[in-house]
Amino acid sequence: MCTVFSLLLSVLLIAAPPSYSQQKAPTMVPPQSQAPRATQNVHIEVTVETHEGGKTQVIYQVSGVFGDGGRQELSTGRDMFVTTPDGGSYRPTGLSLIAHPTIQGRNVLLAFTLEFTLPVSRHSGDKDGPPRVEQEATTILESGKPLTVFTSDYPGQTPGISVELAATILEPGSQPPSSR
């Protein structure tokens, strides 16, 4: 009987499924390597114009290349001659653009803050310096197409002001377009 019992026990042990501690660990299949997303940049151009007496004058036209999804700043400044009733003088002027472009297909979602000074006096005898304009907004620009994002042309206001932005998505390895 002892032999039958031993034989039955050995058959059960052989036929029994292995315990969890004896199971083979599943093999991990490494994920397929994805090609890294090519870094894209956005060429942003800002044009500030004044309108007075039927004449249009470009005050600033600056551009820079910004990284997709990054917040960056572009600043420029210079002394400009401003005609005053006393003859004229040089005044510091400048433009600052803080931009956060995000590429969405063929469009650019652009959150921006734009500050600039105008090289003109609002009133004769204006000694407080040139007028300063500050604009903060978010807009969607179609790649390569300019959009007027700000105008100021109130009756009696001299000069009228307009600000135009253009954003062009640059393909990897491409150069910014030349100024218009």
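1. A residue is called buried when its relative accessible area is under 20%, and exposed when that area is over 50%. M80 has a relative accessibility of 14%, so it counts as buried. This residue sits in strand β3, which covers residues 72–82. M80 and L118 are 38 residues apart along the chain, and 9.2 Å separates their C-alpha atoms.

2. The model discussed here is predicted. Its protein chain contains one helix and eight strands. In sequence order the pattern is α-β-β-β-β-β-β-β-β. The chain has 180 residues, and 32% of them count as buried. Its accessible surface is about 12,100 Å², with 55% of that belonging to carbon and sulfur atoms.

3. T39 lies in the loop between α1 (2–15) and β1. D68 is 29 residues from T39 in sequence, while the C-alpha atoms of T39 and D68 are 7.6 Å apart.

4. Which strands make up the open sheet of four, and in what order? The order is β2-β1-β8-β7, and the pairing is antiparallel. β2 and β7 (147–152) are the edge strands, each pairing on one side only. On average, neighbouring strands of this sheet are turned by 15° against each other, with direction ignored.

5. Within that sheet, the pairing of β1 with β2 can be followed residue by residue. These two strands run antiparallel and are joined by 12 bridges. V42 has F66 of β2 as its bridge partner, and H51 is bridged to T56, also in β2. The two strands form a hairpin with two residues between them. G53, in the turn, has a positive phi of about 60°.

6. The largest nonpolar core has 27 residues. Those touching the most other members are I44, V46, V48, L97 and F116. Two or more residues of this core come from each of β1 (41–52), β2 (55–67), β4 (89–104), β5 (107–117), β6 (132–142) and β8 (160–170). As background, nonpolar side chains tend to be buried together in soluble globular proteins.

7. What does I44 touch, leaving aside residues up to four places away in sequence? The list is V62, S63, G64, F66, L97, A99, P101, L110, L165, A166 and A167.

8. How many aromatic pairs does a search of the whole structure find? It finds one. The partners are Y60 and F116, in an edge-to-face arrangement with 6.3 Å from centre to centre and 65° between the planes. The pair links distant parts of the chain, since Y60 belongs to strand β2 and F116 to strand β5, 56 residues apart. Both Y60 and F116 are buried.

Note on methods. Residues are numbered from 1 along each chain as its sequence is written. This is a predicted model: local features need pLDDT of at least 70, side-chain atom pairs count only at pLDDT 80 or more; totals for chains, interfaces and linings use all residues. Side-chain values use heavy atoms; hydrogens and water are left out. A nonpolar core is a set of buried Ala, Val, Leu, Ile, Met, Phe, Trp, Tyr and Cys residues joined through side-chain atoms within 4.5 Å. Buried means under 20% relative accessible area, exposed over 50%, partly exposed in between (1.4 Å probe, protein chains only). Contact means heavy atoms within 4.5 Å. Two strands pair if DSSP finds at least two bridges between them. Axes are lines fitted to C-alpha atoms, for helices over the stretch in contact, and angles run from 0 to 180 degrees between N-to-C directions. Rings of Phe, Tyr and Trp (its six-membered ring) pair if their centres lie within 6.5 Å; planes under 30 degrees apart count as stacked, over 60 as edge-to-face and the rest as tilted. Accessible areas come from the Shrake-Rupley method with a 1.4 Å probe; for residues, only the protein chains shown count as cover.
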